[in-house]
Amino acid sequence: MDNLLLIIVGAAVIIAVAYAVFNYLCVRKMEEGTERMGEIAGAVRIGANAFIRYEYKLVSIIGSVIAVLVFIVISWQAAIAFVIGAVMSAAAGFLGMKIATYANVRVTNKARETGDLGKTLKVAFRGGSVMGLCVAGFALLGVIIVYCIFGLAAGQIKDIAEGTVGKNFITTLPASFTMTLSGYALGCSIIAMFNRVGGGIYTKAADMGADLVGKTEAHIPEDDPRNPATIADNVGDNVGDVAGLGSDLLESYVGAILSAIILACELFMHNAFFDTVFLNRMLLFPVVFAGCGLIACVIGISYILLKPRLSENVHMELNIATWISAGVTVAAGVVLSYFMFRDIDSAVFKAENVGFKVGAFSPWLASVCGIGAGIIIGIISEYYTSYDYKPTKKIAGASKEGPALTVTQGLATGMISCMLPVVVLAVAIFGSYSIAGMYGIACAAFGMLSFVAATVSVDTYGPISDNAGGIAEMSGLDPSVREITDKLDSVGNTTAAIGKGFAIGSAAFAALSLMTSYLYAFTDQTVTELILNIVQPLTLCGALCGAAMPFLFSGMLIEAVAKAARKMVEEVRRQFREIDGLMEGETMPDYKTCIEISSQGALKEMRVPCIMSILFPIVTGFIFGPMFVAGVLIGATVTAIMLAIFCGNSGGAWDNAKKYIEAGGVEGEGKGSSAHDASVVGDTVGDPLKDTVGPSLDILIKIMSTVSLVAVVVFSKYNLFELVGLI
């Protein structure tokens, strides 16, 4: 049966990737439009390719060093898995960026030719679906490769079942399947961190430079061809909001699936249960459930692409696609859970630290807790970020009083928006634990992201639409074209906030599961019940330091954006001042210099925060030991969740408040008014929060958890405090 289930997952991957290829080719066959549109799209494409090439060159050097260290200290299996994870994550990000740079101009042209919102939505969503299907397809492909080669063929699962875990070839440290899986997750995390941070710095430096000088000082429209930073801004949408997003959610998806598999291994090795059939089913369930979710997403995506006529309500159509994906996943999950666990003895379900309270349906119900939590968090995010609702309208209204009140009202909205999502997470964590123990919390994590292909497709359509609007503006097309793309982009801001809610929610579940695995990794195998004493001084000190870590990380990212944006502002002002005829539209600006400023700023500034997030748990572990790092993980997880929700929702609300004013939502105000200028300032403040800091925080807590899990087998035995104690 197990082989049959793996074949089903493999078939799901093949179907998803084939569908992605089909959609890619369909987009490429469409017309680009006028010669001017093609030139602008080509410039954006060249800039995005150049940045991603330089970024991947830097990441490959750092990744190679990490792979060698993993090979020497942990195991060769973990090192190979690390490389597989890095390749899968990098490929998903690259292909998603590639299709976005082709789809943007096709969206513009479809709006120009048809003037139809529904037809234009189809093109943007088809482009986004390539990214969504590649993210889930490549992630699952890597999991299957690692599972089959190392878990089955190399016998690492059998070693765990027989209690004969192998040793590293240099040290006496265990080289188990959990370490191999952790290596794969770490590879995905490294690429995601650099893509998110590097792309986020790039896109926000360009965006802030373009807005602050172009809109508020020169009073020219957004994406006006006279603005030297417009091409860099559009390049940034692709490298930050597309490539960064894809790698980010691939890493979240992988982390959620593998946290459940790793936890099942640790529970078995610590004698929580003794049934090897049950072990194999617990290891396989997350992978097969994800495969079912991938098939469900193909169905949900097809709803939009195959429906003959889409309505003018873009948000409703996108929501229906997501709901179909979620509904089919839930329906398939109940059948799968019963089919896989129906023949397990009920005594095994009741074993200590297993706690399957509802028998064979326990894993499914726990995953439904995650799905339900994700949907509710998405609804809450929509309420706080969409200009259909009161919070964003209040920010728009405050803009009439100037930028200070715009920023103040946005801060208040972001802070208030943290409470309800955290309550939902808490209820889901407690509910999933009550249903299926710690394994249930891991089930909630992959349940929340089981239809990630659909959510990423919806997310990616946003920056594609944003780029399409920029191309329309720079090409001098009829304003009606920009109106269509702006409607799509406005919904994209809300869907992006919803996607970020899913990402941070799943990160909380996955981090908690990895935390349990981390504690098991250095605990004697005769111990079945874990107790972490948070008031023990070393652990408490670690929690305090860990709680400060997301603030330090966020501050460094904001400062990095500010540095690059400052240079961009100076360059845009210089060109407006020194290039004769630029403001009159008689001379073209120097786009290339602005692209270089964003690229150099991002590549330079992303190194320290990314490397710090990797080294912090390792360095503190070798100095203070595993209990200090346990505190670090708890503190960092708690504060990162709050900060990520705050950043995502406040930034999204500021952005949509600006769009609400532009759409005429505030009486007597519009583009060029003082209220609009104030809303642009608010949007600019929110840009690095929602697109750089917020998305990077969920990667931060998972990369710290994964690095700690990989390294704890070393620093639990060799650390300065242990050495001092021996002396």
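Hi everyone! Let me begin with a definition: helices are DSSP runs of H or I with at least four residues, and strands are runs of E with at least two, numbered from the N terminus. What we have here is a predicted model, where local features need pLDDT of at least 70 and side-chain atom pairs count only at pLDDT 80 or more, while totals for chains, interfaces and linings use all residues. Residues are numbered from 1 along each chain as its sequence is written, and side-chain values use heavy atoms, leaving out hydrogens and water.

Let's start on the surface. Lys563, Arg566, Lys567 and Lys604 gather there in a patch of positive charge; a patch takes residues with over 30% relative accessible area and no salt bridge, joining like charges within 9 Å. A salt bridge is a side-chain nitrogen of Lys or Arg within 4 Å of a carboxyl oxygen of Asp or Glu. Which helix gives the most to the positive patch? Helix α17, residues 537-578, with three residues. Lysine 563 lies in that helix, α17.

Now for the rings. The whole structure holds 18 aromatic pairs, meaning ring centres within 6.5 Å, with planes under 30 degrees apart called stacked, over 60 edge-to-face and the rest tilted. One of them, tyrosine 387 with tyrosine 660, is tilted, at 5.3 Å centre to centre and 45° between the planes. Tyrosine 387 sits in the loop between α11 (362-385) and α12 (390-398) and tyrosine 660 in helix α20 (residues 626-662), so this pair ties together parts 273 residues apart in sequence.

Last, Phe278, Phe285, Phe289, Phe341, Phe356, Tyr439 and Phe446 form one aromatic cluster.

Conventions. Patch = residues over 30% accessible without salt bridge, like charges linked within 9 Å, V, L, I, M, F, W, Y side chains within 5 Å. Areas by Shrake-Rupley, 256 points an atom, 1.4 Å probe, with all protein chains shown as cover. Lys, Arg positive; Asp, Glu negative; His and termini not counted. Charge placed at Lys NZ, Arg CZ, Asp CG, Glu CD. Phe/Tyr/Trp six-rings, centres within 6.5 Å; stacked < 30°, edge-to-face > 60°.
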